[in-house]
Amino acid sequence: MSDRDLIGYAGTPPEIIWPNGARVAVSVVINFEEGAERQVGDGDSTSERVGEVISVVPEGQRDQGQEQIFAYGSRVGLWRFLEALKGTQTPATFYMCGRAVDRAPQLALAIAEAGCEAACHGWLWRPHADFTDIDSERDALTRATTAIENATGQRPLGFFCRGSESAWTRQLLAEAGYIYTSNAFDDDLPYPDPSGLVVVPYNLDTNDMKFFHPNGFARAAEMMDYVRDAVEQLLSEARRGKSSTLSIGFHLRITGRPARFRAVTEILEFLAGLDGQIWRARRIDIARHFAATPPRSPIINQHGETT
């Protein structure tokens, strides 16, 4: 039987006060994967099939249409995102795939120069659970880390891969000097890992990949409404002394498209309007604060309110 932890904080999570006094930390994440997805034209054995439409190109043949769907994100979507982040003064983390950075280092540099965190998203946009031996995974992680650091001047300290980590991923991250991993979907708060890493959970529900999934978002307003519901619920809980984090995930090729970008602008403006009630933060800042600040117990006044 596996060593799954189904208990967590057992109904008594620690109270964490974020640096601005808020109890809710919100992390905006933008995925930079374009050029790192599997494509036969790039020498991979198969081409990525998740996109705007279901690919009709036979398996094993080059899929130029799918290549172009991804390229839209780096050619056009990125610049929309950087402008919106700047306009709302939103701190953001970019999950960067190493091959994407290696092929377009000037784009990665523009992201870093905008003040964003460069986190590692693996060498390819693939699950690390696919690795069958530790040395191959170590080589891929080193390759991605080096590409990101060379392009941005930042050594990545955070990690998230598509799908799932392998049995060795966290060991390798700790050995390489990483501070946190985000391959966790099981909590609203960070928690320590036996490897020494901080686990900063990631949300797949408040994520624009749901535009590409059945029963997901169809229009920008649906994602905006969903994110608003999540934030308002966490703020309600915060008034009762509960601390939390929430991540909002975007992809350059998905919400970088004009009709969906309205979700980005409205969400960023909504979050900016809550400054003080929430802490807008990069993921590395959340991890560092959690690691450095001992959680405290809430103080409840005579009216049952947290003070």
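Reader: Leaving aside neighbours within four places in sequence, which residues is Glu-67 in contact with?
Author: Quick caveat: this is a predicted model, numbered from 1 along each chain as its sequence is written, and local features need pLDDT of at least 70. Side-chain atom pairs count only at pLDDT 80 or more, while totals for chains, interfaces and linings use all residues, and side-chain values use heavy atoms, with hydrogens and water left out. Taking contact as heavy atoms within 4.5 Å, Glu-67 touches Glu-37, Gln-39, Gly-41 and Arg-62.

Reader: Does Glu-67 count as buried or exposed?
Author: Glu-67 lies in helix α1, helices being DSSP runs of H or I with at least four residues, and strands runs of E with at least two, numbered from the N terminus. Buried is under 20% relative accessible area, exposed is over 50%, and partly exposed is in between (1.4 Å probe, protein chains only). Glu-67 has 17% relative accessibility, so this residue counts as buried.

Reader: How is the crossover from β1 through helix α1 to β2 handed?
Author: β1 and β2 (residues 92-96) are parallel, with five bridges between them; pairing takes at least two bridges found by DSSP. Between these strands the chain passes through α1, residues 64-88. Look with the strands pointing away from you: clockwise from the first strand over the helix to the second is right-handed. This β-α-β crossover is right-handed.

Reader: How many of the nine residues of β1 are buried?
Author: Side chains in a regular strand alternate between the two faces of the sheet. Here, Val-24, Val-26, Val-28, Ile-30 and Phe-32 are buried on one side, and Ala-25, Ser-27, Val-29 and Asn-31 on the other. For β1 (residues 24-32), the buried count is nine.

Reader: Which residues touch the most other members of the largest nonpolar core?
Author: Such a core is a set of buried Ala, Val, Leu, Ile, Met, Phe, Trp, Tyr and Cys residues joined through side-chain atoms within 4.5 Å. The largest one has 69 residues, and its largest share, nine residues, comes from helix α6 (residues 220-238). Not counting residues up to four places away in sequence, the contacts of Phe-32 include Phe-94, Met-96 and Leu-252. Touching the most other members are Phe-32 and Phe-94.
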